[in-house]
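Biologist: I have a model open and want to learn how to read it. Where do we begin?

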Amino acid sequence: MKIGALVLAAGKASRFGAVKQLLELDGVTLIDRACHTAFAAGCSPVLRVIGGHADEILARCCPAGVETLHHSGWEEGMGSSLAAGVKRLVGLAPDLDAIVILLPDQPAVDAGLLGRIFAALKLPETSIVLCDHGRASGPPALFSARHFGELTALEGDAGAKSVAARHAQQVVKVLAPETVHDMDSPEAWERFIQARATS
């Protein structure tokens, strides 16, 4: 199964008040960490979509082999950035069987979790896999090729969940408590760092 990875990093992170994508964990930025995780799970190609902090991100080195899309329409919303990313990935690799969507601000996600997600796609009648951390479900999210058209048609703030909602019978959720860590504020980042240090 050929799976491409889309690292969605186009947002401004205005609630955080800093370039969240460039926060470092073990000396590696969060955006690079997501790219490395995708490669470790066997994804190819790996594409990062940037927008709000493009200049700062482009000023840093990028992991070898990673493709970059600077989406000029990032302010239109997540759906617009996601659609642009899927279009580029399919253009790079028309034979993709599926695309996994990753967010840089989920640093606890690793290749092992992605492997479990990929395995779940092989279940009968399954074409979408979401992660469930107990309070909500969402990314990392895996979509089979049958949904690429719908993903590329997204606009505004309507994200991948809107596509999953239309195909509830084909959705499988993988229990992934590590995805509960979402760095939406400096306080959330500090809590994650402290929890990681004591685990």
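Modeller: With cavities. A cavity is a set of grid points where a 1.4 Å probe fits but cannot get out. Keep in mind that this model is predicted.

Biologist: How many cavities of 30 Å³ or more does the structure hold?

Modeller: One. The largest cavity has a volume of about 90 Å³.

Biologist: Which residues line the largest cavity?

Modeller: Leu30, Arg33, Ala34, Thr37, Leu102, Leu103, Pro104, Gln106, Pro107, Val109 and Pro140. Helix H1, residues 30–40, gives the largest share of that lining, with four residues. By type, the lining has eight nonpolar residues, two polar and one charged.

Biologist: Now strands. Why is S4 called largely enclosed?

Modeller: Look at burial. A residue is buried when its relative accessible area is under 20%. Five of the five residues of S4 are buried, so the rest of the structure largely encloses this strand. Val46, Arg48 and Ile50 point one way from S4, while Leu47 and Val49 point the other way. All of them are buried.

Biologist: Which strands pair with S4?

Modeller: Two strands pair if DSSP finds at least two bridges between them. S1 runs parallel to S4, joined by five bridges. In that pairing, Leu6 stands opposite Leu47. S5 also pairs with S4 in the parallel sense, over five bridges. There, Val46 stands opposite Val66.

Biologist: And S8? How many of its residues are buried?

Modeller: Seven of the eight, across residues 137–144, so S8 too is largely enclosed by the rest of the structure. Its pairings are antiparallel. S6, residues 98–102, pairs with S8 over four bridges, and Ala98 stands opposite Ser144. S7, residues 128–132, is joined to S8 by four bridges, with Cys131 opposite Gly138.

Biologist: What do S7 and S8 form?

Modeller: A hairpin, with four residues between the strands. In the turn, Gly134 has a positive phi of about 105°.

Biologist: Which residues of H3 are buried?

Modeller: Gly79, Ser80, Ser81, Leu82, Ala83, Ala84, Gly85, Val86 and Leu89. These buried residues pack against strands S1, S4, S5 and S6, and against helices H5 and H6.

Conventions: Residues numbered from 1 in each chain as written. Predicted model: local features only at pLDDT ≥ 70, side-chain atom pairs only at ≥ 80, totals over all residues. Heavy atoms only, no water. Buried < 20%, exposed > 50% of the residue type's maximum accessible area, 1.4 Å probe, protein only. Helix = DSSP H or I, 4+ residues; strand = E, 2+ residues; numbered from the N terminus. Contact = heavy atoms within 4.5 Å. 1 Å grid on protein atoms, 1.4 Å probe; cavity = no way out; pocket = protein on both sides within 12 Å on 5 of 7 lines; lining within 4 Å. Points joined across faces, edges and corners; volume = space filled by probe spheres on them. Nonpolar A, V, L, I, M, F, W, Y, C, P; charged D, E, K, R; others polar.
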